[in-house]
Amino acid sequence: MIVSIVCRVFTGELPYIKSFLDHYISIGISTFYILNTITEEYDIVKLYLEEYIHLDIVKLYNISSNKVRIQGCVQEILKYVNEEYIFYCDIDEYLILPDRFNTIHDLVISDEYDQYKIKWLYYFNDTDTCILNKHMMKTPEGKCIMKVKSIANIGDHCIRKCNSKIRSKTYTYKIDIKNNPYILHIASRTFNDTLIKCVIGRIQDRKFKFRNIIKCIKQNDIPTKLKLLALYNVIESKKYNCNVKVDIQKIDITYDYNYEKYLLEKAGITGDIIHKINISYNDFKEKLKISEDIEEDIKEKNIVRIALIYAKNIYK
């Protein structure tokens, strides 16, 4: 069975997209269907990709200008897919294969399943470079390799509605680092990656996002996304039994530092602003380290929910 990649992209992902493409090419992918989600920036994305050697296997599409919801928006490009299966993932998600599988295509063990669920391992990096350590955070969530002809309606994680069936038939790969595949979800590749996500959204939101950053600086505060990043980085794996060790030699994460810097400068985030945000971030992170509330509340099954509660409500 042949699998292709379907994913979304916006300019904030461009510093990291080459690493993403290289990784999936290395595990057997020969076709990428990429949907640009900000209509006005299609030419920017296209120009960046044209400088990449593997453009011949990348098919770039533009989201409909009247499309409001990003979730499920790839539904409109499924008609262009020629392969039997797709892996619908994001640019920050790397599918890692154990030694018993040579390519991503080997994961489709039988045509009887509509989709194959693969679990996430989260990783949050708050340094200036794409450094991976051996501890990743496990979660019950994941993404699916989906049979194209079974998809009546697609969600961001799985088939939302299956053709000719009430319920899709799913094969789930459980978390077993040595024997099963997993998805390394690098929610923050660098500190600036998260900062870019704080300031670059849809065109009409960008002035608001910039004003929010400036407001945070004046109040010695940081945006919610950075609060989440800080919390995840102070969680100790052994204490909370939430992390697992992985073979990081199978992952090569590189990024375009100059383009990352260019995006921030274009959004009005100067080096001085970044410096001030870093100071507030590190101060916030130190407060989290000594908090007794975290010791009591964080547990394996609700770690993401607890993180969100702390970031939004407790440490404002």
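Y173 counts as buried, at 2% relative accessibility (buried means under 20% relative accessible area, exposed over 50% and partly exposed in between, with a 1.4 Å probe and protein chains only). This is a predicted model, where local features need pLDDT of at least 70 and side-chain atom pairs count only at pLDDT 80 or more, while totals for chains, interfaces and linings use all residues. Residues are numbered from 1 along each chain as its sequence is written, and side-chain values use heavy atoms, with hydrogens and water left out.

Now for the rings. The structure holds 19 aromatic pairs; rings of Phe, Tyr and Trp (its six-membered ring) pair if their centres lie within 6.5 Å, and planes under 30 degrees apart count as stacked, over 60 as edge-to-face and the rest as tilted. One of them joins F20 and Y94, edge-to-face at 6.4 Å centre to centre with 80° between the planes. That pair links distant parts of the chain, with F20 in helix α1 (residues 14-26) and Y94 in strand β5 (residues 93-96), 74 residues apart. Helices (H or I, at least four residues) and strands (E, at least two) are DSSP runs, numbered from the N terminus. Both F20 and Y94 are buried.

Back to Y173, whose partner is F101: the ring centres are 6.1 Å apart and the planes sit at 85°, so this pair is edge-to-face. F101 lies in the loop between β5 and β6 (115-124) and Y173 in strand β10 (residues 170-173), so the pair ties together parts that are 72 residues apart in sequence. F101 is buried too, with a relative accessible area of 10%. Ring pairs also bring F101 and Y173 into a cluster with Y85, Y113, Y116 and Y171.

For a charge to sit over a ring, NZ of Lys or CZ of Arg must be within 6 Å of the ring centre and within 35 degrees of the ring normal. Over at Y88, the charged end of K143 sits over the ring, 6.0 Å from its centre.

What about the cysteines? A search of the whole structure finds 0 disulfides, a disulfide being a pair of cysteine sulfur atoms within 2.5 Å. For C7, the closest cysteine sulfur is in C89, and at 5.8 Å that is too far for a bond. C7 counts as buried, at 0% relative accessibility. C216 is in no disulfide either, with the nearest cysteine sulfur, that of C198, 8.3 Å away. C216 is buried as well, at a relative accessible area of 7%.
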